[in-house]
Every structure is written in structure tokens, then in C-alpha cells.
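Please load the model in a viewer and keep the selection panel at hand.

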Amino acid sequence: LLKDSVKKETLENYFEEKYGAEVNVGSVRNLLQRDLLKSTVLSIAISLVAITIYLSLRFHFHYALGTVMTFLHTILMVFGLFVIFHLEINYMFILALLVIVGYSINDTLVSFARIRENVTLVNSDRITKKEFKEICNRSFQEIFMRTIHTLILVLLLMIVLFILNFKGILHFNIAIFIGLIVATYSSIFV
């Protein structure tokens with residue numbers, strides 16, 4: 001621990017002398033990273049349960065299952081692509097996952113809200129499967145361009161961050177970039 005403290009001080013002094021910049025060098029121990037990963041997995045599991053309960057009460061249990069499937073698909077795809085391409089999984093990646101999950105759930109909830117809104121417009125006590133499919137298709141068509149415009153605007157922001165080459169948030173940008181595309185198509189198809 002003392003050796004790390006000396007290295008940190010040496011590095012900070014180097015940047016201050018050479019570039020006149022005040023740098024704060026910090027490190028996260030493996031134990032802390034493991035705790036962060038455990039906390040993230042636990043928070044995702046708790047949020048899955050809470051989302052399932054909320055959507056079951058607010059909409060229908062089938063909607064909750066669709067949202068959970070979208071949620072899991074998005075997380076597994078982003079995580080899997082990071083593993084395949086040997087990208088570092090760090091706290092910025094975990095932060096990006098939480099942002100992506102929020103985006104995915106929001107996008108899915110907008111779809112479900114539109115379907116529910118269009119179902120209430122039908123003056124029927126009982127809707128057939130065919131009518132429900134038509135309502136779902138119409139609802140999807142109504143929100144499709146909104147979803148695509150939102151995706152394009154956020155991806156443009158990510159591209160600007162790539163161009164500006166912010167290395168400190170590179171893994172965050174990559175995860176968000178991949179995650180937004182996956183979240184958008186998974187929420188649309190589910």
C-alpha cells in the first residue's frame with residue numbers, strides 16, 4: 001500500500017512539473033471492483049423483480065415478461081460483445097449498462113402505453129386476437145419514428161464523443177453505442 005502511495009505521488013508530481021497540470025491519480029482495488037460487480041448484479045435482479053411487479057399491476061403480466069426479456073437480452077448482448085472483443089469491463093461499463101437498461105425499459109414502456117391507449121379507443125368489451133394484433137401494429141407504427149429519432153440523436157452524441165477521443169469514457173461510449181442499438185431493436189421486436 002505504501003509503495004502504491006509513492007508511485008501515485010511520483011506520477012502526480014511528474015505531470016505537475018512537466019505539464020503544469022494538477023492530476024489526481026486514483027486506483028480501485030480488485031476487492032472493490034468485485035463488490036461493485038456484486039452490487040450491480042444484485043441491483044439488476046431487484047429491479048427485474050420490481051419491474052415485473054409494477055408492469056403486472058399497471059399493464060398485464062405478459063407485458064412484464066416482454067419487458068424482462070428485453071431487459072435481459074440487452075444486458076446479455078452488450079456483455080457478450082464486450083467479452084467477445086476482449087474489452088475491459090470496469091465501472092464505466094457498469095454505469096453504461098444501467099443507462100442502457102433505463103433506456104430500454106423506457107422505450108418498451110412507451111410502446112406498451114401506446115398499445116393500452118389504443119385499446120381503450122376501441123369501443124368493445126372483448127377484443128379478438130386479430131383486433132389486438134392490428135392495434136399492436138398501429139401502435140408500433142405510431143411510435144416507430146419517435147424511437148428511431150431518439151436513437152439517431154443519442155448515437156450522434158456518441159459519435160461526437162468518439163471523434164473528440166475522450167479516452168476516459170471510451171468503454172462507456174462503446175457500451176452505450178452497442179446497447180442503444182440492441183435496446184432499440186429488442187424493444188421494437190418484443
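A residue is called buried when its relative accessible area is under 20%, exposed when that area is over 50%, and partly exposed in between. The model is a predicted one.

**Stop 1: T74**

Select T74, which lies in helix α3. T74 has a relative accessible area of 1% and is therefore buried, since this value is under 20%. Display next the residues that T74 touches, leaving out those up to four places away in sequence: I100, S104, G179, V182, A183 and S186.

**Stop 2: the largest nonpolar core**

In soluble globular proteins, nonpolar side chains tend to be buried together. In this model the largest nonpolar core has 35 residues. Select F71, V78, F82, F93 and I176, the members that touch the most other members. Helices α2 (30-58), α3, α4, α5 and α6 each supply at least two residues of this core. Which helix gives the largest share of this core? It is α4, with 11 residues.

Centre the view on F71. Apart from its neighbours within four places in sequence, F71 is in contact with I44, S47, L48, I51, V101 and I105.

**Stop 3: the largest pocket**

Rolling a probe the size of a water molecule over the atoms shows where empty space is left. The largest pocket has a volume of about 300 Å³. Its lining consists of 15 residues, and those closest to the pocket centre are F112, I115, C136, I188 and V190; select these five to find the place.

At least two lining residues come from each of α3 (61-84), α4 (91-121), α5 (129-164) and α6 (170-189). The largest share, six residues, is supplied by α5. Which classes of residue face this pocket? The lining of the largest pocket has nine nonpolar and six polar residues, and no charged ones.

**Stop 4: the largest cavity**

How many cavities of 30 Å³ or more does the structure hold? There is one, and the volume of the largest cavity is about 30 Å³. Select D107, S111, F140, I143, F144, T147, S187 and I188, which line the largest cavity.

Helices α4, α5 and α6 each give at least two residues to the lining of the largest cavity. The largest share again belongs to α5, with four residues. By class, the lining of the largest cavity comprises four nonpolar residues, three polar residues and one charged residue.

**Stop 5: aromatic pairs**

A pair of aromatic rings is described by the distance of the centres and the angle of the planes. With ring centres within 6.5 Å as the condition for a pair, the count comes to seven aromatic pairs. Select F59 and Y63: their ring centres are 5.7 Å apart and their planes stand at 45 degrees, so the pair is tilted. Both F59 and Y63 are buried.

F162 lies in helix α5 and F177 in helix α6, so the pair ties together parts that are 15 residues apart in sequence. F162 counts as partly exposed, at 28% relative accessibility, and F177 counts as partly exposed at 27%.

F59, Y63 and F112 form one aromatic cluster.

**Stop 6**

Most residues other than glycine have a negative phi, and most peptide bonds are trans. Select H86, in the loop between α3 and α4. The phi of H86 is near 55 degrees, a positive value in a residue other than glycine. Is H86 buried or exposed? H86 is exposed, with a relative accessible area of 72%.

Finally, select L57, in helix α2. L57 counts as exposed at 71% relative accessibility. Draw a C-alpha to C-alpha distance from L57 to H149: these residues are 92 residues apart in sequence and 30 Å apart in space.

Technical notes
Residues are numbered from 1 along each chain as its sequence is written. This is a predicted model: local features need pLDDT of at least 70, side-chain atom pairs count only at pLDDT 80 or more; totals for chains, interfaces and linings use all residues. Side-chain values use heavy atoms; hydrogens and water are left out. On a 1 Å grid over the protein atoms alone, a cavity is a set of points where a 1.4 Å probe fits but cannot get out, and a pocket is an open set with protein on both sides within 12 Å along at least five of seven lines; lining residues have an atom within 4 Å of a point. Grid points are joined across faces, edges and corners, and a volume is the space filled by probe spheres set on the points. Ala, Val, Leu, Ile, Met, Phe, Trp, Tyr, Cys and Pro count as nonpolar, Asp, Glu, Lys and Arg as charged, and the others, Gly among them, as polar. A nonpolar core is a set of buried Ala, Val, Leu, Ile, Met, Phe, Trp, Tyr and Cys residues joined through side-chain atoms within 4.5 Å. Buried means under 20% relative accessible area, exposed over 50%, partly exposed in between (1.4 Å probe, protein chains only). Contact means heavy atoms within 4.5 Å. Rings of Phe, Tyr and Trp (its six-membered ring) pair if their centres lie within 6.5 Å; planes under 30 degrees apart count as stacked, over 60 as edge-to-face and the rest as tilted.
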